[in-house]
Amino acid sequence: MTRSAETRRPKRAPAKTAAEKAAEKAAAQTGAKTGAKAEAKTADRTGAARAAPAPHRAPGAAPCPAAPTGPGHRHQGLDRSVRAAAARMTGGVSPHAPIQAWTDWALALAQAPGRQMELAERARENALKLTMHAMQGADAPAPFAPKPFDHRFHHQGWDQFPFSLWRQSFLAAQDWWDAATDRLRGLDPAEADRTRFMARQALDTLSPSNFPALNPEILEAIRASGGRNLAEGAANFAHDALHALSQRRDPPAEGVRVGEDLAITPGKVVFRNDLMELIQYSPQTETVHAEPILVVPAWIMKYYILDLRPDNSMVGHLVRQGFTVFMISWRNPTADQADLSLEDYRLRGIGAAMNAIGKIIPDQKVHAAGYCLGGTMLAIAAAAMARDGDDRLASITLMAAQVDFAEAGELLLFLDESQIAWLEDMMWEQGYLDRPQMARAFSAIRAEDLIWSRGVRRYFLGMQELPDDMGAWSQDTTRMPARMHSEYLRGLFLENRLSAGRFSVEGCTIALKDIRAPMFVVATEADHIAPWRSVYKTRLFTDCDLTFALVSGGHNRGIVSEPGGHARHMRLSHRPAGGLYVDPDAWLATHAPEDGSWWTPWEAWLAARSSADVPARIPGDGPLPALCDAPGTYIHQQ
C-alpha cells in the first residue's frame, strides 16, 4: 500500500533552514520536545486535552535541571534518508556489524597458528567419526547430537541410513564451526559471538532437513499423499508471500478471537488517554484485599498474554483469589506518534494509571507487576518514585524483566552503534518500528524452530497451523514509536544506563537501590529474550526485601503458568533487605526445583503484604465512570 510522504516521515516546516531543522531534531533526541509537550497537555479520559499532572515529589524536593541540547550537522537529513532507504532493503539490518565481525575474526584467527592447528585436528577427528559411523551403520551410537532446542531431526526416519549420515554430517559441520567461532585471545568476545551466530544462521540454510530429497519426513509424506503435501505447501507459500508483500493479515481464526475467546475476563475501561486504556476487572468474590494490583504489560505486544482463556488467564486467577486487578492496555502507535518517549510511557502510562487508581481507591497503596519491557519501565518508575519520596507502591513484581542488559542474550549481538543508527534512520523515515521488522529479529534467535522447522511443516509437509491462544497472541504484534524505541535501545541495551546509575528521569539520575518496596522477581529457564541470569542480576542492583523465582518454560509459556497445567517446576529463594549477593551459578546449585506453578506462592506473597479485606469494588461505581467493557478499544487496533 502506497503512503504519502507526509505519512511516511515526520513533518518539517519548509521555511526552516537545514541548521534549524538539525537543532530541532537534536533537541528531540534529548527529550526537550516531548518533555515540553507532556507538560503542556495530555489527553484525558475521554480524549480531550488537559494539563498534565505534576510529578509526585516529596515536600521540599529540589527540581532537576533541564537536559542540555547540542547542535546537529547541516546535511544530516540527507545522510539519514540514504541510510533509511538502504535499511528498508536489508530489513533494518546494518551490514557494518557482520562485515566487521567476520573481518575481526578472520584477522584474529590468522594470527593464531595454534588455533588453526586445533581446528585442523578437529576437522580430521570429525571426519574420522563420520567414517566410522558410516561403516558401522545406523545402529551405531551417533557421534554428534543436536542442540537441546533443535527439533528438526526428531522424526524416526533420521535414524535410518543414509539419512543418519546426512544428519551426522550436518551436525559435524556445526560442531566444527562452533569450535572455529569460539572466543579467541585478542578478539572482542562480542565479535566472536556474532560470528558464531552468523555461522549458525548460514549453516541452518544448508541443513538436510530443508531439502525434500534429503528429509525422510517429507519423503514419507509424499509417498503417503501422492505428492498432495507439496501442492498444499505451495499454496501455503503463495498465501504467506502475498501477505508479506502486501502487509495484510488474516482475520483471527475461529476460537481465538479477542474479546470472544481470548481476553474475556469481565471488567470495564475506567480511564483512557492517548497512550493507554486502564481496565478494572469485575470482582468474583464478596470481599477483596485492600491493596489493588496494577499490571504493566510490555508495549511490544498486546496485554492479553496475561488474560488468554479463562483457564490460563493470570488476571482471572488473581481476581478469583480476591484481588482488585487493573490492567494497562497500550495503544498501537502510528507515525503521528513518532515522538512518544520512554518518559511519556512512564508519565502518561504508569503515572496516569497510578493517579487513576488513586482516585478510584484513595489512600491505598498498590501492588505493581510488570512483564517484559513493562517490568523494566516499572522498575524505572519505582526508582523514580523512591527518589522523590513517593511511597504509593506496596510491592513490585517483575516478570521476565531485565534491569541490567550486559548479559541480555543474543538480542545484543548486533546492537552496536551502526545497527542502532540504521534502525533509528529507518524509524525516522516511517515514524515507528513495524511489526515484521521486530518479528524477524525474534525469529532469528531461534531460527531452527521459528523459521526452518515452521517452513518445512508449512511448505513441504503442507500442514496448516492450528489456531491456539498463544499462537494467536504472538501474531498480534504492535508497532513501537521511533523515539521511544531509540531511547530504549540506546539508553538501556547499548549503554546499560539503568544498572550503571546513569539513567536520568526528569533530568536527575535514579538508582534501583533506592527502592524499598518488597520485590518478587520471576525468571524463566529457557528464556531467549530475557535470559534468566540477566534477570537474576536484579538481586545485585537492589537492596530491598526480594523473592526470586526461577521457573520452567520460556519467555511466554513460563509466565503463563496456571496451577494444575502441564508439568511445571520452580526454584524459590528469599533475600532479606540488605542481604548479601550470591552469584547465579552458586544460587542454582543450592536451590532444588519443586513441582508446581509459581502463581501459587506469588499470590500468597501478595496476600501476606496486603493489609485487610474490604467489600468488593465494582468498576465504574467510583469517581471514574466506566467508558466501555473490557477488553476495551485499543486492543483491537491493527
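β8, α13 and β9 make a right-handed β-α-β unit.

Q: What should I know before I start reading?
A: This is a predicted model, where local features need pLDDT of at least 70, side-chain atom pairs count only at pLDDT 80 or more, and totals for chains, interfaces and linings use all residues. Residues are numbered from 1 along each chain as its sequence is written, and side-chain values use heavy atoms, with hydrogens and water left out.

Q: What do names like β8 and α13 stand for, and what makes a crossover right-handed?
A: Helices (H or I, at least four residues) and strands (E, at least two) are DSSP runs, numbered from the N terminus. Point the strands away from you: a crossover is right-handed if the path from the first strand over the helix to the second runs clockwise. That's the case for β8, α13 and β9.

Q: In which sense do β8 and β9 pair?
A: Two strands pair if DSSP finds at least two bridges between them. Here β8 (residues 366-371) and β9 pair in the parallel sense over six bridges.

Q: Is β9 (residues 393-399) mostly covered or uncovered?
A: Buried means under 20% relative accessible area, exposed over 50%, and partly exposed in between (1.4 Å probe, protein chains only). In β9, seven of its seven residues are buried, so to speak mostly covered.

Q: At what angle do α12 and α13 pack?
A: Axes are lines fitted to C-alpha atoms, for helices over the stretch in contact, and angles run from 0 to 180 degrees between N-to-C directions. Helix α12 (residues 342-360) packs on α13 (residues 373-387) at about 75°, with the axes 10 Å apart. Angles under 35 degrees count as roughly parallel, over 145 as roughly antiparallel, 65 to 115 as roughly perpendicular and the rest as oblique. These two helices are therefore roughly perpendicular.

Q: Where is cysteine 372?
A: Look in the loop between β8 and α13. Most residues other than glycine have a negative phi, but cysteine 372 has a positive one, near 55°. Cysteine 372 is buried, with a relative accessible area of 12%.
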